[in-house]
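This report describes how parts of the structure shown below meet one another.

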Amino acid sequence: MNQFGALSYAITVFLMVAGLYIVIARNNLIKTLVGLSIFQTAVYLLYIAPAKLPGGTAPVISAEFDAYSSPLPHVLILTAIVVGVATMALGLAIVVRIYEAYGTIEEDEILNRDREAR
Amino acid sequence: MSDDLILRVVTKILIPFIVLFALYVQFHGEYGPGGGFQAGVVAAAAFVLYGLVNGLDALRRVAPESVVETMVGAGVLLYIAVGLAGIVLGGHYLDYSVLGGAPVDGQHRGIFWVELGVGITVSGVMLKVFYLFAGRRA
Amino acid sequence: MTLSAHFPVLQVVVPLVSAPLAVLARRATAAYAIVMFASWIAFGLAIALTMQVRSEGVVSYPIGNWPPPWGIEYRIDALSSFVLLLVSAVAAVVLPYCRRSIEHEVPREQHYLFYSMFALCLAGLLGIAATGDAFNAFVFIEISALASYVLIALGRDRKALVASYQYLILGTIGATFFVIGIGMLYLMTGTLNLADMSERLAATSDLRPVLTAAAFITVGMSLKLALFPLHQWLPNAYTYAPSAVSAFIAATGTKVSIYVLMRFYFSVFGAGLVFELAVGEVLLVLSLAAMFIASAIAVVQSDFKKLLAYSSVAQVGYITLGLSLESVSGLTASIVHLVNHGMTKAGLFMLVGGAVLVTGGSGMDRLAGLRRTMPLTSFGIVLGGLGLIGIPGTAGFISKWQLVLAAMERQEWWLVFAIVASSLLAVAYVWRFVEVAYFREPSNPADRRREAPATMLVPAVMVIAASIYFGLDSSLTLGGAATAADFLLGTSR
Amino acid sequence: MALAVVALVRTRVLFAVVVLSGVYSFLMGVVLFALDAVDVAMTEAAVGAGVSTVLLLGALSLCRAREARPAARPWVPLVVAIGTGLLLVYGTLGLPLPSDPHAPVHTHVVPRYLEQGPAEAGIPNIVAAVLASYRGFDTLGEVTVVFTAGIGVIALLRRKAKEER
């Protein structure tokens with residue numbers, strides 16, 4: 001079970017690094033947003049993985065089970081998912097407006113166009 | 001898109017079931033997984049499907065944009081109001097125990113209305129966002 | 001229960017409820033009235049809460065009547081009531097200003113949405129200050145952040161969209177870092193209540209996750225509070241946002257993030273732990289860098305709003321400098337500068353907003369000869385500028401003097417010198433305005449004298465006047481800050 | 001899942017990026033399900049694989065569909081990202097391992113939810129009970145976030161681009 005634990009942390013860290021890399025390195029506005037959502041998703045694992053108990057079950061109380069995974073992280077992550085998608089929707093709306101105003105969604109091209117306009 | 005007869009028939013059959021499923025998820029969330037948020041998403045999906053098949057104008061007749069915008073605000077308002085009801089009835093903010101005779105009844109009632117508020121706002125927002133993105137193309 | 005027992009939660013709920021009401025009202029005037037009414041109530045509540053904290057000490061409110069740590073607790077102490085007062089006061093004075101200001105900047109059919117967003121931003125910021133729960137703080141950080149992205153994107157220039165996008169990306173990274181930090185703390189302690197967390201952290205044996213959490217929270221919040229060099233989002237956001245938004249967010253947004261950092265440093269981790277980590281040294285270096293580099297950048301700006309924005313980055317440096325000194329007097333300087341600078345900057349952005357409305361832009365060339373066309377506005381900006389420099393008689397002096405005292409207390413004479421030297425840079429950028437407005441001829445000599453509309457000018461002048469008043473009589477601000485600093489360090493491990 | 005992410009980093013066709021992120025979210029949903037987080041899994045599948053993908057496709061159809069060219073200096077971001085990762089590794093080394101029933105996650109606050117939840121809140125799904133009652137204020141915040149995003153999108157997209165200066 002310890003290997004499982006270490007593995008889950010390893011995956012979490014890997015996803016986080018990959019997501020963050022996309023966010024910082026990429027020029028394309030939409031891809032940056034995708035990277036951001038991967039980065040956020042990795043956090044879900046950080047919270048949820050430690051909440052599981054071996055032999056436990058989902059936290060819906062019934063007479064058949066006596067071990068449940070911890071419900072509180074689930075609640076927090078539900079909220080985090082919603083916040084994530086809300087941010088994504090807003091980000092995309094801004095991207096659409098940027099595209100209409102500039103005709104591109106590449107960050108450096110946008111900066112160039114602003115410089116030319118000056 | 002709307003010319004395909006099979007597509008129209010299939011969606012016509014499908015949509016009531018999706019709505020039914022949304023209602024199930026909304027009101028059964030206390031016993032199984034689910035709740036207002038998921039139900040809102042599913043319910044909005046039903047309308048989005050209708051809009052995709054029958055066109056945006058047909059959808060506007062079923063769910064006028066102004067109604068949808070009202071839903072966006074109404075859900076949040078409902079949630080906040082349930083909280084304030086707790087204060088009015090002599091408890092704390094969002095204290096559902098004072099909403100019914102026995103504390104557990106109050107909790108039930110509170111959770112029911114709160115989840116409903118979530119469902120209304122979420123489906124409203126999803127639908128509104130769909131309108132805006134889809135309407136932008138025209 | 002009496003109504004006053006509910007003040008902590010009403011403080012946040014009143015502005016919160018005005019947001020959906022404004023949307024349902026649809027009409028610009030109705031939405032405006034609702035939100036303004038709510039923000040004034042919020043201001044009144046903040047005053048009442050400050051009194052309560054003064055007489056009774058910490059006020060705790062269990063939401064849903066679930067005792068903490070099971071439920072979410074609102075917890076108002078000397079520091080949070082101070083921040084609540086700042087945020088709600090700025091909102092109460094910026095809102096009357098909004099009406100005429102945004103008529104020129106935002107299409108009329110969107111006004112009700114604008115006011116709704118403004119209410120949400122206000123409610124979010126107040127919620128951050130009021131809550132005693134780590135995850136609840138994250139949720140309200142996101143409410144205020146999303147609302148401010150929208151408010152900034154509503155600026156007239158297309159660059160506002162890009163500024164808002166960059167802010168969204170960096171802000172979300174910051175918030176996610178914050179969540180990672182909270183997650184680690186939660187995994188170590190099993191609680192989200194800040195007071196409970198602090199107690200249980202004292203008992204943890206393995207410090208590695210705690211230190212990592214401290215690092216993540218510091219970086220995350222530094223992004224939000226625009227600590228040099230993580231300030232990239234700020235200048236464009238302040239420059240291209242609608243004037244009223246610049247004024248409100250500049251005075252409150254970064255300040256509340258600093259509050260969160262203070263809260264975690266002193267009420268959760270404990271001063272001992274944090275400053276063992278060399279956080280003080282790092283903060284000190286970055287603060288000095290902000291004070292000098294950002295001020296130097298400000299001097300060469302060709303847009304006055306951008307100049308003020310870079311000056312904000314520099315002024316945040318003074319606040320974090322006080323924080324890095326690890327002493328009551330340093331912390332007092334931080335907290336009092338939070339308010340003094342917030343006030344001064346709000347006034348300045350409001351006055352510039354008026355000038356933008358009349359002259360059509362905030363470029364330095366547009367402001368040429370402003371003394372002739374808008375004498376009152378120009379004079380107000382100069383007074384505000386003196387506050388940025390820290391001339392005696394202004395609020396800015398009070399906080400800088402307090403900072404100097406804190407540095408002398410530690411016998412760091414070079415630091416005293418650095419504070420004075422960086423103020424000279426502030427003289428340089430304020431002089432830019434004086435030179436343009438007072439010694440250049442208007443680009444169009446036919447321009448007649450024309451001040452901004454009274455609903456904009458009066459609130460702006462009131463704020464600047466307040467910044468002078470608190471420069472002459474600092475008992476309220478400095479006294480409050482000292483109490484808060486004493487309380488924080490007194491209760492800190 | 002990791003493969004999907006690697007492919008995602010490398011590809012420059014935005015349509016593929018969107019599809020891959022949908023696949024990734026769905027896989028994440030499966031993993032969460034395996035971790036006994038049923039509610040979360042359901043939401044992640046519906047939101048990550050469903051709503052986000054639809055939103056991304058919608059935005060994509062309004063914009064250009066290819067990323068221009070790779071970034072000029074990929075080293076700085078790589079260093080920052082890996083630095084963050086290393087810090088995280090350092091931190092996780094000290095965390096209680098998952099599946100330890102004595103970890104604080106399972107012992108401090110949670111037992112009351114599990115033991116008293118059905119009696120106090122009256123419903124057996126503890127996630128719903130905590131969500132709507134114990135931490136109901138968080139959920140109010142969450143709805144407010146959705147509301148904020150919704151109103152924000154309305155404010156940004158309802159106006160036609162032509163009115164822009």
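## Domains of chain C

In this predicted model, chain C is divided into two parts: domain 1 covers residues 1-276, and domain 2 covers residues 278-493. Taken over C-alpha atoms, the centres of domain 1 and domain 2 of chain C are separated by 22 Å.

## The contact between the domains

Domain 1 of chain C gives 43 residues to the contact, and domain 2 of chain C gives 50 residues. On the domain 1 side, the elements of chain C that give two or more residues are α3 (78-103), α8 (208-225), α9 (233-240), α10 (243-269) and α11 (271-276). The largest share of this side, 13 residues, comes from α10(C). By class, the residues of the domain 1 side divide into 27 nonpolar, 12 polar and four charged.

## Packing of α10 and α13

Two packed helices are described by the angle between their axes and the distance between the axes. For α10(C) and helix α13 (residues 304-324) of chain C, the angle is about 20° and the axes are 12 Å apart. Because angles under 35 degrees count as roughly parallel, α10(C) and α13(C) are roughly parallel to each other. The crossing of α10(C) past α13(C) is right-handed.

From α10(C), the contact is made by Ser246(C), Ala250(C), Thr254(C), Ile258(C) and Met262(C); from α13(C), by Lys305(C), Ser312(C), Val316(C), Ile319(C) and Leu323(C). The residues of this contact comprise six nonpolar, three polar and one charged.

## The contact between chains B and C

Chain B contributes 15 residues to its contact with chain C, and chain C contributes 13 residues. The chain B side that touches chain C has seven nonpolar, seven polar and one charged residues.

Note on methods
Residues are numbered from 1 along each chain as its sequence is written. Chains are lettered from A and ligands numbered from 1 in the order in which they are written. This is a predicted model: local features need pLDDT of at least 70, side-chain atom pairs count only at pLDDT 80 or more; totals for chains, interfaces and linings use all residues. Two residues are in contact if their C-beta atoms, placed from the backbone, lie within 7 Å. Ala, Val, Leu, Ile, Met, Phe, Trp, Tyr, Cys and Pro count as nonpolar, Asp, Glu, Lys and Arg as charged, and the others, Gly among them, as polar. Domain bounds come from an automatic or database domain assignment. Helices (H or I, at least four residues) and strands (E, at least two) are DSSP runs, numbered from the N terminus. Axes are lines fitted to C-alpha atoms, for helices over the stretch in contact, and angles run from 0 to 180 degrees between N-to-C directions. Angles under 35 degrees count as roughly parallel, over 145 as roughly antiparallel, 65 to 115 as roughly perpendicular and the rest as oblique. A crossing is left-handed if the near helix is turned anticlockwise from the far one by less than a right angle, and right-handed if clockwise.
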